[in-house]
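Here is a short briefing on one structure. Keep the sequence and the 3D view open as you read.

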Amino acid sequence: MRVPTRTTRAMAIAMAGVFALSACGGSDDGGSGDGATGGGAGNPDATWSMYIGQPENPLVPGNTSETEGGQVVDSLWTGLVQYSREDTSVEYTGVAESIESDDQQNWTITLKDGWTFHDGTPVTASSFVDAWNYTALSDNAQQNSYFFSNIEGYDALQAETDDEGNVVAPPTATEMSGLEVVDDQTFTVALTSPFTQYPLTLGYTAFYPMSQAFLDDPEAMATDTPIGNGPFMAEAPLSDGQGIDLVRFDDYAGEDAAQSGGVSYRIYTDVNTAYNDVQGGNLDLVDSIPPDAIASAQDVFGDRYLESPSSSFQYLGYPLYDPRFQDVRVRQAMSMAIDRQAISDAIFQGSRTPADDFVSPVVNGYREGACEYCQYDPEAAKALLAETDFDTSQPIELWFNNGAGHDAWVQAVGNQLRDNLGVDYTLRGDLDFSQYLPLGDDQGFTGPFRSGWVMDYPSMQNYLESLFSTGAQPPAGSNNTFYSNPDFDALLQEANSAPTDDEAVELYQQADDVLLEDMPAIPMFFSVVQSVWSENISDVYVDPFTRVDAAAVTVNS
Amino acid sequence: MGRYVARRLLLTIPVLIGASFLIFAMVYALPGDPIRALAGDRPLPAAVQAALRAEYNLDDPLLVQYGKYVLGLVQGDFGTDFSGRPVLQTISERLPVTATLTGVAIVFEIIIGIAAGVLAGLRRGSFFDNLVLVTTTLLVSIPVLVLGFVSQYVFGVRLGVVPVAGISEGLYSYLLPGLILAAISLAYVARLTRTSLADSLRADYVRTARAKGLDRRTVVVRHTLRNSLIPVVTFIGADIGSLLGGAIITESVFNIPGLGRAVFESVQRQEGAVVVGVITLLVFFFIFFNLVVDVLYAVLDPRIRYE
């Protein structure tokens with residue numbers, strides 16, 4: 001690549017000299033494993049390090065909605081319930097002893113004894129109720145506010161706004177009427193309508209308890225050292241652009257206590273750099289390696305390479321407000337004309353699974369091959385499109401947001417539509433996320449548009465209701481296709497209030513069937529994330545939320 | 001001299017006000033809705049959006065927003081980014097990092113650049129001269145991104161002689177990034193020095209000095225070099241300013257949490273307070289180092305006087 005000059009060679013030698021000196025100093029990150037892998041209890045006091053991207057928000061559960069900050073928050077906090085590794089069902093290994101209801105609408109939550117925050121104060125019913133009220137109140141501008149919108153009295157905590165989004169009246173209350181503290185270990189939640197799977201939602205970040213220290217002065221505490229109740233505790237605030245060091249919380253009351261002495265989360269702007277760093281042995285874990293590295297990572301890391309299914313669901317939504325996509329046969333035909341596997345192989349090294357349902361395989365109720373119109377069948381697609389009066393002389397406009405790596409696969413979709421349906425396409429990928437989203441909210445898309453969903457809690461409802469129910473149309477929710485079908489809404493309602501979990505899932509599947517016939521969107525891919533780690537650590541597990549179970553990681557002795 | 005420096009420093013005030021307003025206006029003019037982007041695919045209730053907009057004055061017209069910003073600034077409040085972190089804290093954490101990186105780069109630039117330039121200039125047409133010519137051409141033409149990743153892979157991952165990324169190993173962590181950051185400027189410094197020195201060596205006063213019997217070493221070091229360094233000093237002075245803010249690529253490749261990265265990320269998120277705060281600071285440094293350069297002229301060339 002580059003002609004070595006005497007100067008650069010001299011530099012290399014000089015650097016090598018400095019290295020020899022500094023190696024004697026040792027490193028403080030505990031990243032110097034001796035190469036032993038697997039087996040054994042590991043070294044319970046050693047620490048390890050992991051890649052994260054820059055968290056977008058302060059490390060406050062009510063304000064953390066993205067995965068980077070979420071990874072840290074999850075290590076620092078433990079919620080009411082946790083999810084099983086096998087089938088993402090509810091496990092009462094968190095703070096809740098039980099979550100019960102007779103009518104699926106009024107829930108009683110009982111807490112276990114003995115849970116404390118990192119500052120030694122006990123976790124009580126108020127720790128939850130006060131935290132939830134704080135997050136819900138619109139004046140506090142917390143991103144996870146809407147997770148409480150199904151609790152009685154939520155609306156009174158929202159400032160009134162006009163059509164332009166200007167506040168016309170402040171909130172009329174600071175506490176939701178549906179939340180009531182019974183005693184230190186018990187509180188009740190009254191929902192606005194029955195929701196059988198409510199306990200399943202409560203493992204999400206938004207529902208974590210907050211310490212009294214935080215609630216007394218939330219603004220100052222947001223950027224100070226976070227105080228949680230989880231397996232790890234922080235000793236200093238997050239350092240901007242650098243990361244945060246956590247140590248094991250010795251008084252942790254849960255079963256999933258940390259198996260290492262601590263974890264150091266290091267912020268990288270570029271995941272390629274992190275991947276280089278883990279190869280160089282200076283970093284222990286990268287949980288989502290760059291797509292270009294997938295092919296070689298298996299050879300380089302061997303059994304220290306792991307593929308984990310994630311809840312991420314990518315789709316191309318139809319702008320149903322556009323007359324061109326009104327005919328259901330047009331929507332079905334376009335979906336059938338796309339060879340998802342070929343696109344995955346060519347562009348993602350096969351690392352994405354072709355979607356065959358509107359819900360991810362990680363949730364209970366997913367059915368393999370449920371989507372009939374997701375099966376690649378170019379002849380049938382062309383024949384079906386010919387039945388309609390779709391104008392094939394007009395190109396299809398394909399929308400995606402700029403700078404997020406969507407160019408290649410959306411273009412591949414366009415090529416397949418052109419080859420299989422004989423209709424040309426144009427790419428509309430010049431808008432940033434900050435322009436793209438408002439355009440979708442304002443019904444501005446003129447063709448299929450890229451969108452995605454990562455689940456908040458492992459329920460079919462989280463996909464179906466959030467993305468396709470009438471009540472979730474913007475600005476209230478994320479139904480950016482503006483799909484509205486009374487049958488679908490009614491089935492969801494019925495499912496939400498079903499007497500048992502199994503019956504709920506069955507009804508969700510019926511609702512799913514309505515979607516699979518109506519095809520308001522083209523299901524494209526389910527994601528799989530690839531992780532690699534150094535010889536220094538073992539027992540790596542990445543959950544469907546793409547979060548590493550940091551407490552379970554052991555450092556090899 | 002003192003009055004000259006004072007006058008120049010006073011002049012920076014209007015420049016800073018103008019610059020900060022221009023940058024503020026540019027961030028304001030960016031299309032898109034930063035609050036909507038903050039929520040991503042998730043819904044954000046209208047009332048919550050309104051609260052966020054009010055917090056960052058995003059609803060106000062440009063002049064009102066700027067007025068509120070300056071008012072805060074006068075009281076020592078640089079504002080906060082969207083995660084509630086004070087901008088002043090961001091700056092105070094990142095400035096030392098950027099300053100160290102720039103310092104290391106400038107040292108490389110001066111030592112390697114000037115040394116290569118002087119040696120090439122003294123032996124024009126020699127093998128070494130041609131070698132410098134080829135190497136500097138290569139350095140200037142290879143994108144920093146490529147240079148950064150390749151050298152990171154070779155020296156960091158393969159050979160393991162330098163840390164791959166991060167700043168956890170102190171000054172040692174800055175060696176490779178500093179060298180990469182200096183690469184292009186280093187090439188310019190070498191060429192500038194060579195040409196300038198070669199010109200001076202042909203000057204009459206050099207011949208006179210030699211004719212008087214001064215040895216070559218004294219002529220080069222005392223007379224020629226001092227004269228020929230004036231354009232080089234100008235270049236390096238201006239370069240300090242641009243290295244401080246322009247290290248975005250190097251900072252990203254080597255994961256160095258400096259100011260360049262902060263600006264880059266904040267522009268993407270349209271966090272006006274961070275962008276304006278940091279860039280105004282960089283403008284100040286730029287002006288300051290240019291002043292230092294101007295003062296240095298007088299030291300290098302006694303004929304230059306400032307009143």
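**Strands, domains and helices**

In this predicted model, strand β14 (residues 305-317) of chain A pairs with strand β19 (residues 521-533) of chain A through 10 bridges. The two strands run antiparallel.

**Strand pairing in chain A**
- One pair to find is L316(A), whose bridge partner in β19(A) is I522(A).
- β14(A) also pairs with strand β18 (residues 449-453) of chain A.
- That pairing is antiparallel and has 5 bridges.
- Look for F313(A) here: its bridge partner in β18(A) is W453(A).
- In a regular strand, side chains alternate between the two faces of the sheet.

**Domains of chain A**
- Chain A is split into domain 1 (48-284 + 534-555) and domain 2 (308-528).
- Between the C-alpha centres of domain 1 and domain 2 of chain A, the distance is 30 Å.
- Domain 1 of chain A gives 18 residues to the contact, and domain 2 of chain A gives 17 residues.
- On the side of domain 1 of chain A that touches domain 2 of chain A, 8 residues are nonpolar, 9 are polar and 1 is charged.

**Transmembrane regions of chain B**
- An unreviewed UniProt entry marks "transmembrane region" at residues 9-30, 95-119, 131-151, 171-190, 232-254 and 274-300 of chain B.
- Residues 95-119 of chain B are 100% helix and 0% strand.
- For residues 95-119 of chain B, the end C-alpha atoms lie 35 Å apart.

Key:
Residues numbered from 1 in each chain as written. Chains lettered and ligands numbered in written order. Predicted model: local features only at pLDDT ≥ 70, side-chain atom pairs only at ≥ 80, totals over all residues. UniProt positions renumbered as here; feature names shortened; annotations may be inferred. Helix = DSSP H or I, 4+ residues; strand = E, 2+ residues; numbered from the N terminus. Pairing = 2+ DSSP bridges. Domains from an automatic or database assignment. Contact = placed C-beta atoms within 7 Å. Nonpolar A, V, L, I, M, F, W, Y, C, P; charged D, E, K, R; others polar.
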